[in-house]
Amino acid sequence: MSWGRSLLATLTLTLLLGAGVTQAADKRALASEVMNVSGLTTQLGQTTRSINDSLKKAEESGKATPEQREIGAVMLEAFGTDTILASVGKRLADQLTDSELQAVLNWYKGNPGQKLIQLENQLADPENAKGLVEFAKQVEQNPIPEAQQSLYKKIDKATLTTDTTVDMQLNSRVAMVKAMNKTAKSDKKLSEAEIQEKVEAQRPQAMAFMQQINLIKFAYLYKDVSEEDVKAYLKFAESDAGKKYFKVRSKALDGAMQEGSSKVGEAMGSRIKE
């Protein structure tokens, strides 16, 4: 190969690699926009605020120990909004195509997408969540109509709302205990199989509980929303792009929470003396 051809080949490869990096960056930016518009960024931000509030209360009580402060710092890093979003965003960009991400983005930026997400974001605020508690009390006296229950259960199933919540709760617990076992100095340790079995035994009850909670939550969220708009959400969730998005998002959130739980478990385990 001549020097000229060699240079041309090198330049071509450089351009191709550069284009690939640019496309990857563009896709990550698209995934980030999806997380923002879909309300995920706002809702995850509440997790960080909750941890900060708990640490603040511990300090104000005057009972916070150095170890608690250290573990608190680990928790803020492990479950911080930026940490979780970076992990979830990468998986969304890696596993969804540009057209799938754009389809999801278009739905959330349109109507009724924006309307419904605004309601969910408002509910993420603990102050606004008080209304949900009062609504739940009313439901005991005036049950949700069967037709509405059927619709909300379909949304729960299509968006993997209950599945994601329970997976994050149980799998994070397993990850934390396993990590604690690795760093703990205590001889009283369960095997990984025992940990998995004990936690998984809680799944049926956790699923039933969360399904009921989410049924009430959906009824509260959509009480002033037209049936047409709610069905539009279900239609999106059951579309090809919607199905893939919710599946990838569910696994991404679960994975990110497991990673964070492992870090916290290691920090806690290393402080167990016996």
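This is a predicted model: local features need pLDDT of at least 70, side-chain atom pairs count only at pLDDT 80 or more; totals for chains, interfaces and linings use all residues.

Guide: Let's begin with Lys-137, which counts as partly exposed at 48% relative accessibility.
Visitor: Okay, which residue does Lys-137 form a salt bridge with?
Guide: With Glu-134, and their closest N and O atoms are 3.5 Å apart. Both sit in helix H7 (residues 126-141), three residues apart, about one turn of the helix. Glu-134 is partly exposed too, at 44%.
Visitor: Why would they pair up at all?
Guide: Side chains of opposite charge can pair when their charged atoms come close.
Visitor: How many salt bridges does the structure hold?
Guide: There are 13. One of them joins Glu-100 and Lys-244, with the closest N and O atoms 3.2 Å apart. That pair links distant parts of the chain, since Glu-100 is in helix H5 and Lys-244 is in helix H13 (residues 240-269), 144 residues apart.
Visitor: Is Glu-100 buried or exposed?
Guide: Buried, because its relative accessible area is 18% and the cut-off for buried is under 20%. Lys-244 is partly exposed at 30%.
Visitor: Which residues are linked in a network of salt bridges?
Guide: Asp-167, Glu-200 and Arg-203.
Visitor: New topic: where's the cis peptide bond?
Guide: Between Asn-111 and Pro-112, with omega at about 15 degrees. Pro-112 is in the loop between helix H5 (98-109) and helix H6 (113-123).
Visitor: And which residue has a positive phi although it is not a glycine?
Guide: Leu-160, at about 60 degrees. You'll find Leu-160 in the loop between helix H8 (146-159) and helix H9 (161-183).

How values were computed: Residues are numbered from 1 along each chain as its sequence is written. Side-chain values use heavy atoms; hydrogens and water are left out. Helices (H or I, at least four residues) and strands (E, at least two) are DSSP runs, numbered from the N terminus. A salt bridge is a side-chain nitrogen of Lys or Arg within 4 Å of a carboxyl oxygen of Asp or Glu. Buried means under 20% relative accessible area, exposed over 50%, partly exposed in between (1.4 Å probe, protein chains only).
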